[in-house]
Amino acid sequence: MRHRVTLVGSLVIAAAVVWTTHGAAQVPAVPANPASPASPAGIPRTADGKPDFSGIWQTLSPADYDLEPHHARPDAPPGAGIVEGDVIPYQPWALEQRKKNFGNRATADPRTKCYALGTPRAIYYPEPFQIFQRPRDVTLVFQFGHPFRTIHTNGTKHPREGVGFWYGDSRGRWEGDTLVVDVSDFIGETWHDRAGNFTSDGLHVVERWTFIDANTIDYKATLTDGKVYTRPWSLGVQLHRRREPNVQLLENYCYTLDYEDYYPYPKAGVK
């Protein structure tokens, strides 16, 4: 199952309208970042003057192996970590749960069951994702499993029902040239990485998307979950625009891999 996938305009429209908006109130206020640098010259912009994040993006960070600094191990390369302060501030019970998750990571990671990666993990997972942008929303389509996530930028607020979503419900606003996104209403069944770092349905994420230059995005996220952590904590990675010839998202429906022998497509070395 390695066929290429072409993401045409109809996908963008379908992705953007699936989520029902609820009223016209403003997005909940999020902390400002007074240290935000001036916008670099030459960044792409939409017709209304906003930074245009459209394109295919991917991080070079090994964060998905473990958000915290870690040595090399048989199933992961070493990494300097992407958590501010290096340590995720778990409550005592949650730290014990994380240790159990780590011990069972080969099978317990929701990724191995082909579940949705969640927010923010899908951003720094080592596969590309594509962004489509228009004035009312920003849509992210991920290569892993091909789910999509819509960031509503039309001033609407989170649903009152408190429905749980794998990627949370995203409501964004512009703070200068930074896209600030408030994400809540999580289903609570995702991990942050392959090392067992986890969260609950009480997760609340505030993202900040800012261009460093025309082909690099600075991505930061602050995570709050009173059920799991002792305080809010933050992480950050850089996202790089994929510019190779013919770059595109490829088919990766991992739940079909066990059935590859039943599909009549050409295999390498087989005629």
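Student: Fine. What kind of model is it?

Tutor: This is a predicted model.

Student: How many helices and strands does the protein chain have?

Tutor: The secondary structure comes to four helices and nine strands. Along the sequence, the pattern reads α-β-α-α-α-β-β-β-β-β-β-β-β.

Student: How much of the protein chain is buried?

Tutor: Buried residues make up 50% of its 271 residues. The chain exposes about 13,200 Å², and carbon and sulfur atoms supply 56% of that area.

Student: What share of the contacts is between residues 24 or more positions apart?

Tutor: Counting contacts with a separation of 6 or more, 62% are between residues 24 or more positions apart.

Student: OK, the strands. What do they close into?

Tutor: Nine strands close into a barrel, in the order β1-β2-β3-β4-β5-β6-β7-β8-β9, with mixed pairing. From one strand to the next, the twist averages 30 degrees.

Student: Take β3 and β4. Which sense do they pair in?

Tutor: Antiparallel, over five bridges. One of the bridge partners is histidine 152 in β4, which pairs with aspartate 137. The hairpin of these two strands has five residues between them, and glycine 145 there takes a positive phi near 80 degrees.

Student: And β4 with β5, parallel or antiparallel?

Tutor: Those two run parallel and are joined by two bridges. Histidine 152 turns up again here, standing opposite arginine 171 in β5.

Student: Is β4 mostly covered or mostly open? How many of its residues are buried?

Tutor: Strand β4, residues 148-152, is mostly covered, with four of its five residues buried.

Student: What about β6 and β7, how many bridges?

Tutor: Five bridges, in the antiparallel sense. Valine 183 stands opposite valine 205 in β7.

Student: Let's switch to the core. Which residues touch the most other members?

Tutor: The largest nonpolar core has 44 residues, and Leu67, Phe129, Leu140, Trp209, Leu235 and Leu239 touch the most other members. Elements that each supply at least two residues of this core include α4 (121-124), β2 (129-134), β3 (137-142) and β9 (233-241).

Student: Pick leucine 235. What is it in contact with?

Tutor: Leaving aside neighbours within four places in sequence, leucine 235 is in contact with Leu67, Ile82, Val83, Pro120, Tyr124, Tyr219, Lys220, Ala221 and Leu223. Of these, Leu67 is also among the core residues that touch the most other members.

Student: Now single residues. Where is threonine 210, and is it buried or exposed?

Tutor: Threonine 210 is found in strand β7. It counts as buried because its relative accessibility is 16%, and the cut-off for buried is under 20%.

Student: Which side chain does its own side chain make a polar contact with?

Tutor: The side chain of threonine 178, at 2.9 Å. Beyond residues up to four places away in sequence, threonine 210 touches Phe53, Thr178, Thr216, Ile217 and Asp218.

Student: And phenylalanine 211, buried or exposed?

Tutor: Phenylalanine 211 is also found in strand β7. At 5% relative accessibility, it counts as buried.

Student: What does phenylalanine 211 touch?

Tutor: Among the residues it touches are Pro40, Ile43, Pro44, Trp57 and Arg241.

Student: Where does asparagine 252 lie?

Tutor: In the segment after β9. Asparagine 252 is buried, with a relative accessible area of 18%. A polar contact of 2.8 Å joins its side chain to that of glutamate 127. Asparagine 252 also touches Gln143, Phe144, Gly145 and His146, and Gly145 is the hairpin residue with the positive phi.

Student: How far is alanine 108 from glycine 196?

Tutor: They are 8.3 Å apart in space, C-alpha to C-alpha, and 88 residues apart in sequence.

Methods
Residues are numbered from 1 along each chain as its sequence is written. This is a predicted model: local features need pLDDT of at least 70, side-chain atom pairs count only at pLDDT 80 or more; totals for chains, interfaces and linings use all residues. Side-chain values use heavy atoms; hydrogens and water are left out. A nonpolar core is a set of buried Ala, Val, Leu, Ile, Met, Phe, Trp, Tyr and Cys residues joined through side-chain atoms within 4.5 Å. Buried means under 20% relative accessible area, exposed over 50%, partly exposed in between (1.4 Å probe, protein chains only). Contact means heavy atoms within 4.5 Å. Accessible areas come from the Shrake-Rupley method with a 1.4 Å probe; for residues, only the protein chains shown count as cover. Two strands pair if DSSP finds at least two bridges between them. Axes are lines fitted to C-alpha atoms, for helices over the stretch in contact, and angles run from 0 to 180 degrees between N-to-C directions. A polar contact is a pair of N or O atoms within 3.5 Å; within protein, one must be able to donate a hydrogen and the other to accept it, and residues adjacent in sequence count only if both atoms are side-chain atoms.
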